[in-house]
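Please open the structure in your viewer and keep the selection panel at hand. The stops below follow one another, each with something to select and something to look for.

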Amino acid sequence: MKTVAALLLVGMLILWAELPTGSAWSCPPVRITCAMHNPPNQCYTDRQCPRYKKCCQSFCGRKCISRPPAIPVSYG
């Protein structure tokens, strides 16, 4: 019985380690592409970004970005 409990605990820890950090928002679409052949990346995964930021494709390489505002702001 102890073996089953230990295996269950290890399985739960593995699943917990694989969960993404931060919230479930998605990266904004990129409409402009960079002219560089191999642009530099500031990150490759969300775990390399500060808390509440996400590693997203930008117009020129990957960067850590903050969550976009929930309500679009218009100044018109």
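**Starting at serine 58**

Select serine 58 and display its surroundings: leaving out residues up to four places away in sequence, serine 58 touches Val30 and Lys63, where contact stands for heavy atoms within 4.5 Å. Serine 58 belongs to strand S1, strands (E, at least two residues) and helices (H or I, at least four) being DSSP runs numbered from the N terminus. With a relative accessible area of 13%, serine 58 is buried; buried means under 20% relative accessible area, exposed over 50%, and partly exposed in between, with a 1.4 Å probe and protein chains only.

Before going further, note that this is a predicted model, in which local features need pLDDT of at least 70 and side-chain atom pairs count only at pLDDT 80 or more, while totals for chains, interfaces and linings use all residues. Residues are numbered from 1 along each chain as its sequence is written, and side-chain values use heavy atoms, with hydrogens and water left out.

**Across to cysteine 27**

Next, select cysteine 27 together with serine 58, and draw the C-alpha to C-alpha distance: the two are 31 residues apart in sequence and 9.2 Å apart in space. Cysteine 27 sits in the loop between H1 and S1 and is partly exposed, its relative accessible area being 30%. Setting aside neighbours within four places in sequence, cysteine 27 is in contact with Lys54, Cys55 and Cys56.

**On to lysine 54**

Is lysine 54 buried or exposed? Lysine 54 counts as buried because its relative accessibility is 15%. Its side chain makes a polar contact with the side chain of aspartate 46 at 3.5 Å; such a contact is a pair of N or O atoms within 3.5 Å, and within protein one must be able to donate a hydrogen and the other to accept it, residues adjacent in sequence counting only if both atoms are side-chain atoms.

**Isoleucine 32**

Then select isoleucine 32, which is placed in the loop between helix H1 (2-18) and strand S1 (53-58) and is exposed, with a relative accessible area of 58%.

**Zooming out**

Finally, colour the whole chain by secondary structure: it has one helix and two strands, which follow the pattern α-β-β along the sequence. Of its 76 residues, 13% count as buried. Among contacts with a separation of 6 or more, 41% are between residues 24 or more positions apart.
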